[in-house]
Amino acid sequence: MIEDAALLARTEALVRAYAAAGKKIATAESCTGGLVAGLLTAVPGSSAVVERGFVTYSNEAKSESIGVPMDLIVAHGAVSEPVARAMAEGALKASRADVAVSVTGIAGPGGGSEAKPVGLVHFGLATKDGSIRHVERCFGDLGRAEIRRLSVAQALALLESVDLHHPDRRTGEAF
């Protein structure tokens, strides 16, 4: 669990906003290993908002649990824009949520390359209206815990950016 008072305060406000709008969230996480869902569910009353979470750490889990095509993973790698988008879309389809957020990246300390360095993380956001968004962040080699904390913060920013009355519209500056 991430111990960060500012993130928890943001999450509490996010849960209240989604609950007031009657909207549900699903998560699809790889490098964060369920930390986004864990932070959401740390908030009392989150059961009104969190529909389900998928920890799809392996390529097989991405494909089997949320329908990410294996040929997409082979062609682009698990840490890529197409896979982050497919993860969010797949989590939405495999749930009863209104909004799904995905995270896939390289938290380190190993596993990076020149093309995909440690700290590279891709995020997806899919909404029931068919909108799919992507954010790429290269946090740098800040250490595994910090990369994961920053990834959770970015996933929250994506969820905060949804106009809950018009999910196809953005609010805030998550992008």
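The exercises below proceed from the whole chain to single residues.

The model is predicted: local features need pLDDT of at least 70, side-chain atom pairs count only at pLDDT 80 or more, and totals for chains, interfaces and linings use all residues. Residues are numbered from 1 along each chain as its sequence is written, and side-chain values use heavy atoms, with hydrogens and water left out.

**Exercise 1. The fold in outline**

Task: State how many helices and strands the chain has, and give their order along the sequence.

Solution. 
Step 1. Helices (H or I, at least four residues) and strands (E, at least two) are DSSP runs, numbered from the N terminus.
Step 2. Counting these runs gives six helices and five strands.
Step 3. Their order along the sequence is α-β-α-β-α-α-α-β-β-β-α.

**Exercise 2. Overall dimensions**

Task: Explain why the chain can be called as compact as a globular protein of its length.

Solution. 
Step 1. The radius of gyration is taken over C-alpha atoms, and the globule rule is 2.2 Å times the number of residues to the power 0.38.
Step 2. For 175 residues the rule gives 16 Å, and the radius of gyration of the chain, 15 Å, is close to that value, so the chain is as compact as a globular protein of that length.
Step 3. The box filled by the C-alpha atoms, taken along the principal axes, is roughly 45 × 35 × 25 Å.
Step 4. Contact means heavy atoms within 4.5 Å. Of the contacts in the chain with a separation of 6 or more, 63% are between residues 24 or more positions apart.

**Exercise 3. Surface and charge**

Task: Describe the accessible surface, the share of buried residues and the charged side chains.

Solution. 
Step 1. Accessible areas come from the Shrake-Rupley method with a 1.4 Å probe; for residues, only the protein chains shown count as cover. The accessible surface comes to about 7,700 Å², and carbon and sulfur atoms account for 51% of this.
Step 2. Buried means under 20% relative accessible area, exposed over 50%, and partly exposed in between (1.4 Å probe, protein chains only). Of the 175 residues in the chain, 49% are buried.
Step 3. Lys and Arg count as positive and Asp and Glu as negative, while His and the chain ends are not counted. The place of a charge is NZ of Lys, CZ of Arg, CG of Asp or CD of Glu. There are 18 positive and 20 negative side chains, and the centres of the two sets lie 4 Å apart.

**Exercise 4. The nonpolar cores**

Solution. 
Step 1. A nonpolar core is a set of buried Ala, Val, Leu, Ile, Met, Phe, Trp, Tyr and Cys residues joined through side-chain atoms within 4.5 Å.
Step 2. The largest such core has 36 residues, and Y18, L40 and L159 have the most contacts inside it.
Step 3. The elements are α1 (5-21), α2 (35-41), β3 (99-105), β4 (120-127) and α6 (144-160). The largest share, seven residues, comes from α6.
Step 4. Beyond four places in sequence, the contacts of Y18 are K23, I25, V49, V99, L159, V162 and L164.
Step 5. Another core, of 16 residues, lies apart from the largest one; I66, V68, V83 and A88 are among its members.
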